[in-house]
Amino acid sequence: PTPVVVSSPIEQPPKFIPEEFMFHKNGELTPSERAEKTFSLAKDVTLLDDAGVFFYRVCAGDTKVRIREKLVAFPEFAHLKTQTYRLESFNIDDEYLAADMWIPIPRANAERAIKPEQFSVAANAALDRILKNPLFGPTVAHMLEKPEMTRTKFIAALMAIAEQESGGAPLGQFEFQRYEGEHGHHEFSFSIFHVLMSGVGLNVRRELGMTEGQTFNIENGVMLFLAYVVEKS
């Protein structure tokens, strides 16, 4: 008799998810992930690679000048030698630096600035994603259903807010991080929209499963801001 061949289902390879868009429970790297992504360039230079955004662990006695002096010794951070203006560099006052604090290392200006059409593409993708979110999607959908509202107008409004937070055109001319110490928050704000990482801002970042580094991605930043607006409303 002819043997019966039972075919087994073809195993599909796992879908590749870019590091910027991976979901992290409570918006935090696991201890093993942090250990894997933490490395030292020198005895007093320890970094964390969070979705391509590098964070520096502050040492006792560090100042912004001292941190910059340490980092410019490495080619990947050579841009810090000329990027000394606060808004395009370490956007934190020395008085708020504390040992073992993690602060984002400024990126080169050319890596951060984006064109309006790039922002529009990212914002469209963010809208598609957040509309599928059961917690924030219904409210965003309601915003889009307002009389005379269109996606184009909605994205234009988002772009205007992003420009305001970025100091005007071009988009992203300033850093996506700022330490809000002057008004008693004592937390960083992250993303092109500078969403404060306390209260509502921190809650929605955790709900979306975004790490601090992931908020620097433009698409993620739009999604974070929309979730923030929904939660505030």
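1. Rings of Phe, Tyr and Trp (its six-membered ring) are paired here if their centres lie within 6.5 Å; planes under 30 degrees apart are stacked, over 60 edge-to-face, and the rest tilted. By that rule, Phe55, Tyr96, Phe176, Tyr179, Phe188, Phe190 and Phe216 are linked by ring pairs into a cluster. The count of aromatic pairs comes to 11.

2. Some ground rules before going on. The model is predicted, so local features need pLDDT of at least 70 and side-chain atom pairs count only at pLDDT 80 or more, while totals for chains, interfaces and linings use all residues. Residues are numbered from 1 along each chain as its sequence is written, and side-chain values use heavy atoms, with hydrogens and water left out.

3. Now the overall picture. The chain has 8 helices and 7 strands, where helices (H or I, at least four residues) and strands (E, at least two) are DSSP runs numbered from the N terminus. Its C-alpha atoms fill a box of roughly 80 × 60 × 30 Å along the principal axes. Of the 233 residues, 43% count as buried; buried means under 20% relative accessible area, exposed over 50%, and partly exposed in between, with a 1.4 Å probe and protein chains only. The chain exposes about 12,800 Å², with carbon and sulfur atoms supplying 56% of it (Shrake-Rupley areas with a 1.4 Å probe; for residues, only the protein chains shown count as cover).

4. On contacts, meaning heavy atoms within 4.5 Å: among those with a separation of 6 or more, 62% are between residues 24 or more positions apart.

5. Which residues have the most contacts inside the largest nonpolar core? They are Tyr56, Leu71, Ile92, Ile103, Phe119, Phe193 and Val222, in a core of 56 residues. Such a core is a set of buried Ala, Val, Leu, Ile, Met, Phe, Trp, Tyr and Cys residues joined through side-chain atoms within 4.5 Å. Helix 8 gives the most to this core, with 8 residues. Leu71 is in contact with Val45, Leu47, Tyr56, Phe77, Leu80, Phe90 and Ile105, leaving aside neighbours within four places in sequence.

6. Tyr85 sits in the loop between helix 2 (64-71) and strand 4 (102-104), and Phe174 in the loop between helix 6 (151-165) and strand 5 (177-180), so the pair ties together parts 89 residues apart in sequence. Tyr85 is partly exposed at 46% relative accessibility, whereas Phe174 is buried at 19%.

7. There is also a charge over a ring: the charged end of Arg34 sits over Trp102, 5.6 Å from the ring centre. The rule asks for NZ of Lys or CZ of Arg within 6 Å of the ring centre and within 35 degrees of the ring normal.

8. Strand 5 and strand 6 pair over 4 bridges, and strand 6 (residues 187-190) and strand 7 over 2 bridges.

9. Two members of the aromatic cluster, Tyr179 and Phe188, stand opposite each other in this sheet. Phe190, also in the cluster, stands opposite Val195 in strand 7.

10. Where are the positive phi values in the two hairpins? In the hairpin of strand 5 and strand 6, with 6 residues between them, Gly184 has a positive phi of about 85 degrees. In that of strand 6 and strand 7, with 4 residues between the strands, Ser191 takes a positive phi near 90 degrees.

11. A couple of other backbone spots to check. Asn26, in the segment before helix 1 (31-37), has a positive phi near 60 degrees and is partly exposed at 44%. Ala51 has a positive phi of about 55 degrees; it lies in the loop between strand 2 (45-50) and strand 3 (53-57) and is buried at 14%.

12. Finally, is Thr211 buried or exposed? Thr211 is buried, with a relative accessible area of 3%, and its place is the loop between helix 7 (199-208) and helix 8 (218-232). Not counting residues up to four places away in sequence, Thr211 touches His24, Gly27, Glu28, Leu29, Asp50 and Arg205.

Methods:
Two strands pair if DSSP finds at least two bridges between them.
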